[in-house]
Amino acid sequence: MSAFEARVFSGVQPSGNLHLGNYLGAIKRFAGLQSTHNCVYCVVDMHAITVWQDPAHLQAAIREVASAYIAAGIDPKGSIIFNQSQVSGHAELAWVFNCIARMGWLNRMTQFKEKAGKNRENASAGLFVYPSLMAADILLYKATHVPVGEDQKQHLELTRDIAAKFNNDYADRIAELDLGGEEGYFPMTEPVISGPATRVMSLRDGTKKMSKSDLPDLARINLTDDADAIAKKVRKAKTDTEPLPGEVDGLKERPDAANLVGIYAALAETTTADVLKEHAGAQFFAFKPALTDLAVAKLAPIADEMRRLNNDPGYIEGVLADGAERADAIARPVLQGVKDIVGLLSSRK
Ligand code: TYM
């Protein structure tokens, strides 16, 4: 048993079209954790600007992620919803973590390599130290559980490495100030990567992850797509010519089929095995309409609610301001502890 109080933290970047992968891999699961945990959900706007964001659109994109959280069922009164840049502790702790993380660790991050592409010299320094800020997001709240999609696994391992090195480097000081239990000052945060859709793939290529920037738009279902758009994208989704197998093993080497079955299972809140039991032997001309009906039934109400909330920016900004105040109340003593441990001098307000 950890000595740390259980707390969930996660975040989504306001960097473009929210899609089915963001929903099934993360946001839907955020909502599900509220009944059992204290939850803090962040719109990570400072992460978004590690690559160029048009300032004319960024504020709307921040409100849109908050709208998606609420539309997906996150209760802004019970859970905390806020945007990162309103709580200055994220940037402050990230700096300390930049001094803990090693260049070698950051050099191994595959997301940096993918995002920086061939021209690494021209990538922002922020993109390189992105994982330190992510570790700060999580550890500023001493979060014990972080629900994310599969693609964030390596960043969470780095978060644990940073926590362990901090706990170890400052072990004597933490003991002297009586600021840690057996595990140290920071917990070893657990990634929560579970369910049938932790890696939703492109509808045009089942070997590539569905992503915000992927073109064409047919490759992904956006959270704001209407019923016609969803139907068209499912109809045009790439498949093979075989019928669906009766067992999960039969989806091996069939990435497009596996993707559609995984999406169905996640939307229906069941397992891939159960979907196959029900649809064994079905051809895609029969399975696709069933998937469309399910996707429209589950996603259309979310899109409607997002549209409604997007028309009420004052309400969303109120939620974010209230959330920032509550987040800051948790973060401030944690950051003060870090400053004391490291030996920085600060006035106690
Ligand atoms: P971001 O904004 O790229 O994605 C938000 C969440 O959606 C998940 N996701 C997917 N899940 C399944 N299939 C997909 N195709 C898919 N695409 C995206 C991501 O895994 C993520 O959970 N670095 C993070 C944001 C972040 C964060 C944090 C997360 C910043 N600080 C602290 C957790 C804790 C990111 O870029 O997510």
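Colleague: Which residues does N17 touch, not counting residues up to four places away in sequence?
Modeller: This is a predicted model, in which local features need pLDDT of at least 70 and side-chain atom pairs count only at pLDDT 80 or more, while totals for chains, interfaces and linings use all residues. Residues are numbered from 1 along each chain as its sequence is written, and side-chain values use heavy atoms, with hydrogens and water left out. N17 is found in the loop between β1 (7-12) and α1; helices (H or I, at least four residues) and strands (E, at least two) are DSSP runs, numbered from the N terminus. With contact meaning heavy atoms within 4.5 Å, N17 touches N22, K212, R220 and N222.

Colleague: Is N17 buried, partly exposed or exposed?
Modeller: Buried means under 20% relative accessible area and exposed over 50%, with partly exposed in between (1.4 Å probe, protein chains only). The relative accessible area of N17 is 33%, so the residue is partly exposed.

Colleague: Which side chain of opposite charge is nearest to R29?
Modeller: R29 has its place in helix α1 and touches, among others, Y23, P147 and V192. Lys and Arg count as positive and Asp and Glu as negative, His and the chain ends not being counted; a salt bridge needs a side-chain nitrogen of Lys or Arg within 4 Å of a carboxyl oxygen of Asp or Glu. R29 is buried yet has no salt bridge, and the nearest side chain of opposite charge, 8.9 Å away, is D151.

Colleague: Why is the pair of F30 and Y69 edge-to-face?
Modeller: Rings of Phe, Tyr and Trp (its six-membered ring) pair if their centres lie within 6.5 Å; planes under 30 degrees apart count as stacked, over 60 as edge-to-face and the rest as tilted. By this rule there are 14 aromatic pairs. The centres of F30 and Y69 are 5.8 Å apart and their planes stand at 65 degrees, so the pair is edge-to-face.

Colleague: How many residues apart in sequence are the parts that F30 and Y69 tie together?
Modeller: F30 is buried, at a relative accessible area of 0%, and Y69 is buried at 0% as well. F30 lies in helix α1 (residues 20-33) and Y69 in helix α3 (residues 55-71), so the distance in sequence between the parts they tie together is 39 residues.
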